[in-house]
Amino acid sequence: MNLSTFKKRIAEHPLLKTKLHNLIMHPIKTRPRWWVRAVYFLYLKRGKGSVIYSSVRKDLPPFNKFYLGKYSVIEDFSCINNAVGDLIIGDYSRIGLRNTIIGPVTIGNHVHTAQNVTVSGLNHNYQDVTVCIDKQGVSTNPIIIGDDVWIGANSIVLPGVVIGKHSVVAAGSVVSHSIPSYCVCAGIPARVIKKYNFSSQSWEKVSL
């Protein structure tokens, strides 16, 4: 039985799913239990030369994928979380100081995020006003960050966003919509302010 088949069978039995989840994830602390953290070295996949600093909070249960590519770095005081979706980080990428990355997220190669960046593919459900929000569960929408992207300090990337290759997110931006390749975006919500023109081989301002 492969992992996807096993997960599907577990999903068909809610009570069993809850019991297994609580065995792996502490229901109050909402992070993997100590015995799971103790065996990270057995299942976390990392490329050659990759670095995860000791102060990084690793909420990485084994029921979703985690991969850190070769020579990539996750800086101090960050939080990486694949509890509700896969978290894949490519080669030669750097997750900056005090970042929060919550799957489902796929980050390409040569991507750099500055300080205090949040990238989250998770939303908390709130639609039923007769039920407390913390009892309504979550929904997810994958984030994809292409190769050679720079994300400035204090920026937020929201669920469902795709950021194209060689694009820049200015500091302090809230990216709620996808950004094409070879663009610079800024603002709340972030809008494209420059595009690269391959004909003129220059960056051109975009009229808002």
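**Surface patch, salt bridges and backbone**

Leu-23, Trp-34 and Trp-35 make a nonpolar surface patch of about 370 Å². A patch takes residues with over 30% relative accessible area and no salt bridge, joining nonpolar side chains (Val, Leu, Ile, Met, Phe, Trp, Tyr) within 5 Å and like charges within 9 Å. Accessible areas come from the Shrake-Rupley method with a 1.4 Å probe, and for residues only the protein chains shown count as cover.

The model is predicted: local features need pLDDT of at least 70, side-chain atom pairs count only at pLDDT 80 or more, and totals for chains, interfaces and linings use all residues. Residues are numbered from 1 along each chain as its sequence is written, and side-chain values use heavy atoms, with hydrogens and water left out.

**Patch residue**
- Trp-35 lies in helix 3 (residues 34–37). Helices (H or I, at least four residues) and strands (E, at least two) are DSSP runs, numbered from the N terminus.
- Trp-35 is partly exposed, at 36% relative accessible area. Buried means under 20%, exposed over 50%, and partly exposed in between (1.4 Å probe, protein chains only).

**Salt bridges**
- The structure holds three salt bridges. Each is a side-chain nitrogen of Lys or Arg within 4 Å of a carboxyl oxygen of Asp or Glu.
- Arg-31 pairs with Asp-59, with the closest N and O atoms 3.6 Å apart. Arg-31 is in the loop between helix 2 and helix 3 and Asp-59 in strand 3 (residues 57–59), so the bridge ties together parts 28 residues apart in sequence.
- Arg-57 also bridges to Asp-59, at 2.9 Å between the closest N and O atoms.
- Asp-59 is buried at 2% relative accessibility. Arg-31 is partly exposed at 24%, and Arg-57 is partly exposed at 31%.
- Arg-94 and Glu-75 meet at 2.5 Å, N to O. This pair links strand 8 (residues 94–95) to the loop between strand 5 and strand 6, 19 residues apart.
- Arg-94 is partly exposed at 33%, while Glu-75 is buried at 16%.
- Shared partners join Arg-31, Arg-57 and Asp-59 into one network.

**Backbone exceptions**
- Most residues other than glycine have a negative phi, and most peptide bonds are trans.
- Gly-103 and Pro-104 are joined by a cis peptide bond, with omega about 5°. Pro-104 sits in the loop between strand 9 (100–102) and strand 10 (105–107).
- The bond from Ile-188 to Pro-189 is cis, with omega near -5°.
- Thr-30 has a positive phi near 45°. Its place is the loop between helix 2 (14–24) and helix 3.
- Phe-77 has a positive phi of about 65°. Phe-77 is exposed at 56% relative accessible area.
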